[in-house]
Each structure stands twice: as C-alpha cells, then as structure tokens.
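Biologist: I have some labels to check against their cut-offs. Please show me the model.

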Amino acid sequence: HYLPLIDPEIDFAARHRADIPCKVLAPEPDFTKLALAKDRYCSSLSLYGIDSPRTLSRDDIAAGQRGIAKCPGSFGGKATWPIDSIAQFDALPPGAFVQERLEGSEFTADCFSQPDGELFVSVRERVEIKSGVCTKARIAPHTGIQYIAERLLRGYEIRSPFCFQAMS
C-alpha cells in the first residue's frame, strides 16, 4: 500500500496509480486537482453547499478588506502572505491570488470511507501551529466539519482516506 501525504504527491499518485506497483490510497484525480486549485475553492465547493473564502480583488483590498495571498499548489503555510494594503497586493509574485482572511479556529479532518458507505471523521482543532504544521491539537467531534466531509465524500465519490482543513 502507498498512502501519499502532501497535496502534490497525492495528486501525482492519483493520476499515475496505474503505473505504481502497489495499491495507492488516494482519492480520484478530480478531487486531488481541486486540492491544488486553491483559487477555485469558492466556485468548486459551492456546488456542494460548502462555504469557502472568496477571492479578493485589488479593489477589495483598497476598500479595507484583509486577505491572505497564496500561490496555486502551496501547502503547509508556505507561499502565503497576509495582505492588508495595496502595496502588499501589488508586490505579490506572478500567479498569486488573494482570498478573504478568516478569523476562528482551524481544524483538520481525517476522513475514512467505510465499506458500508458510512464515513468516519476524526476532527482535530489545531491548537498550536509551527511553520504550518500542527504541533498541538484537541480531538473532538464537530458537526460542521462532519457535514463538509460528507459533502466532499458524496460530491467527489471518494473511496479512499482523505483529509482537509477548515475554519469555524
């Protein structure tokens, strides 16, 4: 068995599973492609009733909205920057985009599709984060995160383990 762990690796394994000489535990490529397309979360996830930060424009930042700039395919807090001013917005590298900055607790959901079609979700509230990695967590059920997990499972027909992060 091969369980890839980071978004680019998961996407690669999903797209090339036929060439890998063991069972690949990765979602289908449509889902892994979404994981890398952070700039399309809002439009893609809204189809399944899942709220996601919207992309902000230069005008939104000029009007006082705060954002988080990201590069497509980034993960683990790498290639992300807080944006509070037009000067910061204008200094972004090519390809970067800005999403709404959310306040609230961060969560990671580890999801496991069961043979009977049910879904087991372990939710970790990210209590301490260092360099984008959760170093302390509180594990407890969360109905909102469970709802998102079920929507993802059904919408993308996921049959393998998967995880996602959310804020509440």
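Biologist: In which helix is the place of D90?

Modeller: D90 sits in helix α5, residues 86-90. Helices here are DSSP runs of H or I with at least four residues, strands are E runs of at least two, and both are numbered from the N terminus. This is a predicted model: local features need pLDDT of at least 70, side-chain atom pairs count only at pLDDT 80 or more, and totals for chains, interfaces and linings use all residues. Residues are numbered from 1 along each chain as its sequence is written, and side-chain values use heavy atoms, with hydrogens and water left out.

Biologist: Why does D90 count as partly exposed?

Modeller: Its relative accessibility is 46%, so D90 counts as partly exposed. Buried means under 20% relative accessible area, exposed over 50%, and partly exposed in between (1.4 Å probe, protein chains only).

Biologist: What makes β5 and β8 a pair?

Modeller: Pairing takes at least two DSSP bridges between two strands. Strands β5 (residues 106-113) and β8 (residues 162-167) have 6, in the antiparallel sense. F107 stands opposite A166 in β8.

Biologist: How many bridges join β5 to β6?

Modeller: There are 7 bridges between β5 and β6 (residues 119-130), which run antiparallel. A109 has V123 of β6 as its bridge partner. The two strands form a hairpin with 5 residues between them, and G117 in the turn has a positive phi of about 90°.

Biologist: What makes a set of residues a nonpolar core?

Modeller: The members are buried Ala, Val, Leu, Ile, Met, Phe, Trp, Tyr and Cys residues, joined through side-chain atoms within 4.5 Å. The largest core has 21 residues, of which C111, L152, F162 and F164 touch the most other members. Helix α6 (143-156) gives the most to this core, with 6 residues. A second, separate core has 7 residues, including L56, I61, F89 and V98.

Biologist: Which residues does L152 contact beyond its neighbours within four places in sequence?

Modeller: They are F31, L45, I50, E157, I158, F162 and F164. Contact means heavy atoms within 4.5 Å.

Biologist: Why is α1 called roughly antiparallel to α2?

Modeller: The axes of α1 (residues 7-15) and α2 come within 9 Å and cross at roughly 155°. Angles over 145 degrees count as roughly antiparallel, under 35 as roughly parallel, 65 to 115 as roughly perpendicular and the rest as oblique. So α1 is roughly antiparallel to α2.

Note on methods. Axes fitted to C-alpha atoms, helices over the stretch in contact; angles between N-to-C directions.
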